[in-house]
Amino acid sequence: MLKKIPLAGLLIVLFSLSSALKAEEASLGYEVLSPAQPTQHADKIEVIEFFWYGCPHCYDFEPELKKWVKSQAKNVEFIRQPAAFNEVWAKHAKAYYTAEALGVVDKIHDDFFDALQNKKQSLETEDDLAKFFVAHGVKETEFRDTFNSFIVDAKMRKAPLMAASYGLTGVPAVIINGKYKTNGPLAGSHEKMLEVMTRLVKQESGAKK
């Protein structure tokens, strides 16, 4: 005859199992997202990088991340996602979405990092950002119209919800196929993050076959 397990004892067992699972995931350099989040591209392995232009760790991670992205197979869909945890971050996120809408991300992305990280520019007001975009070949009226457009506003409204859905508290952070999250503290270094990403992409690619 099976003995009834007291509720308190059952909770302790469940908590211990959960803690052991989290410890195992942490040792592998990632966390399993629960629940998993939907992806935009069901036929591909989606990799999302959350970043902020003012983050020195994101700046250091960027060159190696670019190399990693170029080395991936065609079934990997890489998406940049600016984080907007406060008002300043939000201005920079809005600048990214504006560049994206204008099709000039490749022109401004590295220079925006450089402007904040090395040249110590603030780029926090619309006027500051307008001057930056004009210096990169964008007409001022085109920048302002896009910066204040519905499409950019819609993405800005969605940005905090995305970060919350993945349980993010800092950057850089990478989400693999809506199921896994890795970052510096979990992986131990940027190099280890890339190793974790490679391993999980391979795992997810195998699952789709």
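**View A. Phe51 is a buried residue, with a relative accessible area of 1%.** The model shown here is a predicted one, in which local features need pLDDT of at least 70 and side-chain atom pairs count only at pLDDT 80 or more, while totals for chains, interfaces and linings use all residues. Residues are numbered from 1 along each chain as its sequence is written, and side-chain values use heavy atoms, with hydrogens and water left out. A residue is called buried when its relative accessible area is under 20%, exposed when it is over 50%, and partly exposed in between (1.4 Å probe, protein chains only). Tyr53 also counts as buried, at 1% relative accessibility.

View B. Phe51 and Tyr53 make an edge-to-face pair, with 5.1 Å from centre to centre and 80° between the planes. Tyr53 and Phe112 make a tilted pair, with 4.5 Å between centres and 35° between planes. This second pair links distant parts of the chain, for Tyr53 is in the loop between β2 and α2 (56-71), Phe112 is in helix α4, and 59 residues separate them. Rings of Phe, Tyr and Trp (its six-membered ring) pair if their centres lie within 6.5 Å; planes under 30 degrees apart are stacked, over 60 edge-to-face, and the rest tilted. Helices (H or I, at least four residues) and strands (E, at least two) are DSSP runs, numbered from the N terminus.

**View C. Ring pairs join into a cluster whose members include Phe51, Tyr53, Tyr59, Phe112 and Phe147.** Tyr96, Tyr97, Phe113, Phe132, Phe133 and Phe143 also belong to the cluster. The charged end of Lys94 sits over the ring of Phe147, at 4.3 Å from the ring centre; the criterion is NZ of Lys or CZ of Arg within 6 Å of the ring centre and within 35 degrees of the ring normal.

**View D. Phe112 is buried at 0% relative accessibility.** Not counting residues up to four places away in sequence, Phe112 touches Tyr53, His92, Ala95, Leu123, Leu129 and Phe132, where contact means heavy atoms within 4.5 Å. Leu123, one of these partners, lies in the loop between α4 and α5. Leu123 has a positive phi of about 50° although it is not a glycine, and it is buried, at 5% relative accessibility. Lys120 is found in the loop between α4 and α5 and has phi near 60°, a positive value in a residue other than glycine. Lys120 is exposed, with a relative accessible area of 64%.

**View E. The largest nonpolar core has 44 residues, and Phe50, Tyr53, Ile108, Phe112, Phe133, Tyr166 and Val171 touch the most other members.** The elements giving two or more residues to this core are β2 (45-51), α3 (87-102), α4 (105-117), α5 (126-134), α6 (140-147), α7 (150-165) and β4 (173-176). Helix α3 supplies the largest share of this core, eight residues. Another core, of 17 residues, lies apart from it and includes Phe61, Leu65, Trp68 and Val76. A nonpolar core is a set of buried Ala, Val, Leu, Ile, Met, Phe, Trp, Tyr and Cys residues joined through side-chain atoms within 4.5 Å.

**View F. Thr98 is found in helix α3.** At 0% relative accessibility, Thr98 counts as buried. Its contacts, with residues up to four places away in sequence not counted, are Phe133, Phe143, Thr146, Phe147 and Val152.

**View G. Val201 lies in helix α9, which spans residues 190-208.** With a relative accessible area of 5%, Val201 is buried. Leaving aside neighbours within four places in sequence, Val201 is in contact with Ile45, Val47, Trp68, Gln72, Val76 and Ile176. Val201 and Val76 are 125 residues apart in sequence, yet their C-alpha atoms are 7.8 Å apart in space.

**View I. The protein chain has nine helices and five strands.** From the N terminus on, these elements run α-β-β-α-β-α-α-α-α-α-β-β-α-α. Of the 209 residues in the chain, 42% are buried. Among contacts between residues at least 6 apart in sequence, 72% join residues at least 24 apart.
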